[in-house]
Amino acid sequence: MATVLGEVSSQVLAGQPIPAATLETLWSEASDLVALGMVADEARRKRHGSRTTFVRVAEIPLEAVAHVPIPPAAGEVRLVGTPASPGDAVAAVREAVRRAAGIPVTAFTLAALSRMAGGADALRELVTDLTEAGLAAVAEATVDEHDDLRRDVEAVRDAGAAIARFTIRRWPAGSPVPTLQDVRRLQKTSGVVRSFAPLAREIDHARPTTGYDDVKVVALARLALHDVPSIQVDWRLYGPKLAQVALLFGADDVDGVQADDEAPHGPRRAPLEEILRNIRAAALDPVERDGRRAVREA
Amino acid sequence: MSVHAIAEKVAAGGRVGFDEACLLYREAPTHLLGTLADAIRARRHPERIVTYIIDRNVNYTNVCVARCSFCAFYRHVGSPEGYVLSFEEIFQKIDETIEVGGEQLLLQGGHNPDLPLEWYEDLFRAVKARYPRFRLHALSPPEVVHLSRLAKLPVEAVIDRLITAGLDSIPGGGAEILVDRVRKLLNCYNKATADEWIGVMRAAHRAGLRTTATMMYGTVETPEERLEHMFRVRGLQDETGGFTAFIAWSYQPEHTELSGVEATGVEYLRTLATARIVLDNVDNLQSSWVTQGGKVGQLSLAFGANDMGSVMIEENVVRAAGASYCMDEIEIVTNIENAGFAPRRRNMHYDLLGEPIFRERAIPRRFGLAVAKDAGTALMPDELSGYAARSRSAREQRRAPGRPAQPS
């Protein structure tokens, strides 16, 4: 295994893609988790150095877009929910943009928009309308929720819009490498994948993933997706401890940091202080960004 | 010396000095610390076994005069929320522990001035009479110091009496950071100084008991003081060889007087790995999943830990300060196997007891830890009236109508 990791390290430093067979070997045989993390960290540092971005997100349920307070500290307003019609989607985005007062607004999953539109042309038109209403990016493309992911992604690209991040709802049983290869091919042909979040969005509480599984899949994603700029972890979904450790296994961006400072259960540090402290404790340099990936001034 | 040179020395099996350990802890990349610690773990435990114990953390009382500022569990003497477990309640907890394959209680509690040494002796004797093979891993060093003061007896005499009554081993709780500057700041200097903690462990080891050592970090101490703690443990281990394991955990700040924030997951892994490097004479390092959660708890196995600690069944102290993680035996075993190790049950001495018990017989799943007192049960059992009380409130309570007079 040490030989394989040595080869991978050389390929990382040379900016070469890691062959699928090598990735499969790493997934199935890498008992030395720390060594795998070290190679993924090399790949991450080659691209980002010690720079670690994070975004404070205000999630707004679709039905509450008119009245839920939007914390001014948010770097991204994210509309969540499934609109009933294209018209509802556009209206909700317009309202969110109006209330966000300049904070970038992202909204919806690409799968939901695709289902609503019913075809590539209609999807392109819908995304064009959403962009004209002020949408900064489609919030999420869940790679395992599409009948034809490439068609849907290309419709967004052709509409001149962006997708904030690619995610996965649930990894298939067995190796994650085939799915990662799909994402790699998608990026090679479309160039739209600017961020991939490899930790599954759907958590099975009866059979939760383990810490090993989580950081291995983060490391594999970093190594497999050599031309995807960012590997992302979700602060809320996986918790600060795992998210922080994932930064040592190839992740470079933290999504879902709470935008307001109120916590219902006892005194906690303000989320901003907490994320800064966690990133620095991992010997990395925090940089706050917004929903358009622009750096926010301190 | 450079980090690189120290790393080479460690990798070659060399022992680090204090300054070298400080440099590693402060400056070595986390991956390097993990690599060094994992290699030591592999040398010391080449069979790739990761152990765990089925036992129960029972806190016999929450009444405490120590008033440590980092503790969210204690209640003042006379508090309406103060409790003492009855012997029957403890027996019931033992029955439940045995039902799920456990064979030991980790029994610790507050420094309750109204529980004399005789109460502990009677409890231990009663447990041993009823459950002859059941083990009592009980009374951390500050509790022994407290009993020594209460009974006006030397520590050695208290330990002897407790062993005679049934004490099997002593848990390493109450160590916090073994540096008196820190202990004064945390208001735990008076419960036991660093020397007193070490002194109790030395006496226990000389009396033939095995003990564990712990470290609660992340309050007011410096990184150097964490290292000083580890070196004190290493020094005593060189002298007696009595520690079976070292367990580090992060301070849990919620609901405490001290407040503050918890150290991060990466700091935990760095601290654990450094402990594995420094404590070259301690066989076993536990993962603290109860403070770090299952995921980072499992990742500990790549950073020097070879033991997943306890299935625990019940926990009150850490939970009072905000941590609420729970893993039953199935989940602990799943995590061990997923990390590529073979799970084995053990006892406090780290003797291997066998394969997971749930593979031998049906064990009900548990998704939450039990608490000390069931709702509706009396906070102070009647049997206390048979014991001398120091505090006025307890003396008055035990003199209440209908209760027998307490011994003078």
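Where is the place of B:S259 in chain B? B:S259 sits in the loop between strand 7 (243–250) and helix 11 of chain B. Helices (H or I, at least four residues) and strands (E, at least two) are DSSP runs, numbered from the N terminus. B:S259 is not a glycine, yet has a positive phi of about 60°. B:S259 is exposed, with 12 other C-beta atoms within 10 Å. A residue counts as buried if 20 or more other C-beta atoms lie within 10 Å of its own, as exposed if 12 or fewer do, and as partly exposed in between; C-beta atoms are placed from the backbone.

The model is predicted: local features need pLDDT of at least 70, side-chain atom pairs count only at pLDDT 80 or more, and totals for chains, interfaces and linings use all residues. Residues are numbered from 1 along each chain as its sequence is written, while chains are lettered from A and ligands numbered from 1 in the order in which they are written.

Chain A contains 11 helices and nine strands. Its radius of gyration is 19 Å, close to the 19 Å that the globule rule gives for 298 residues, so chain A is as compact as a globular protein of that length. The radius of gyration is taken over C-alpha atoms, and the globule rule is 2.2 Å times the number of residues to the power 0.38. The C-alpha trace of chain A spans about 55 × 50 × 40 Å along its principal axes. Of the 298 residues of chain A, 48% are buried. Two residues are in contact if their C-beta atoms, placed from the backbone, lie within 7 Å. Among contacts in chain A between residues at least 6 apart in sequence, 71% join residues at least 24 apart.

Chain B has 15 helices and 11 strands. A compact globule of 408 residues would have a radius of gyration near 22 Å; the 21 Å of chain B agrees. The C-alpha atoms of chain B fill a box of roughly 70 × 50 × 40 Å, taken along the principal axes. In chain B, 54% of the 408 residues count as buried. Of the contacts in chain B with a separation of 6 or more, 78% involve residues 24 or more positions apart.

Within chain A, helix 2 (residues 20–29) packs with helix 9 (residues 211–224) at an angle of about 170°, with their axes 11 Å apart. Axes are lines fitted to C-alpha atoms, for helices over the stretch in contact, and angles run from 0 to 180 degrees between N-to-C directions. Helix 2 of chain A is therefore roughly antiparallel to helix 9 of chain A. Angles over 145 degrees count as roughly antiparallel, under 35 as roughly parallel, 65 to 115 as roughly perpendicular and the rest as oblique. A:L23, A:L26 and A:W27 of helix 2 meet A:K216, A:L220, A:L223 and A:A224 of helix 9. By class, this contact has six nonpolar, no polar and one charged residues. Ala, Val, Leu, Ile, Met, Phe, Trp, Tyr, Cys and Pro count as nonpolar, Asp, Glu, Lys and Arg as charged, and the others, Gly among them, as polar.

The largest nonpolar core has 209 residues. Such a core is a set of buried Ala, Val, Leu, Ile, Met, Phe, Trp, Tyr and Cys residues joined through C-beta atoms within 7 Å. A:A96, A:V138, A:V218 and B:F246 touch the most other members. Helix 9 of chain A gives the most to this core, with nine residues. Not counting residues up to four places away in sequence, A:A96 touches A:I60, A:V65, A:V77, A:L79, A:V105 and A:A107.

At the interface, 26 residues of chain B are in contact with 25 residues of chain A. On the chain B side, two or more residues come from each of helix 3 (30–44), helix 11 (265–278), helix 12 and helix 14 (329–338). Helix 12 of chain B gives the largest share, six residues. By class, this side has seven nonpolar, 15 polar and four charged residues. Helix 12 (residues 289–299) of chain B is mostly covered, with 11 of its 11 residues buried.

A:V34 is found in helix 3 (residues 33–48) of chain A. A:V34 is buried, with 26 other C-beta atoms within 10 Å. A:V34 touches B:H31, B:G34, B:T35, B:D38 and B:A302, not counting residues up to four places away in sequence.
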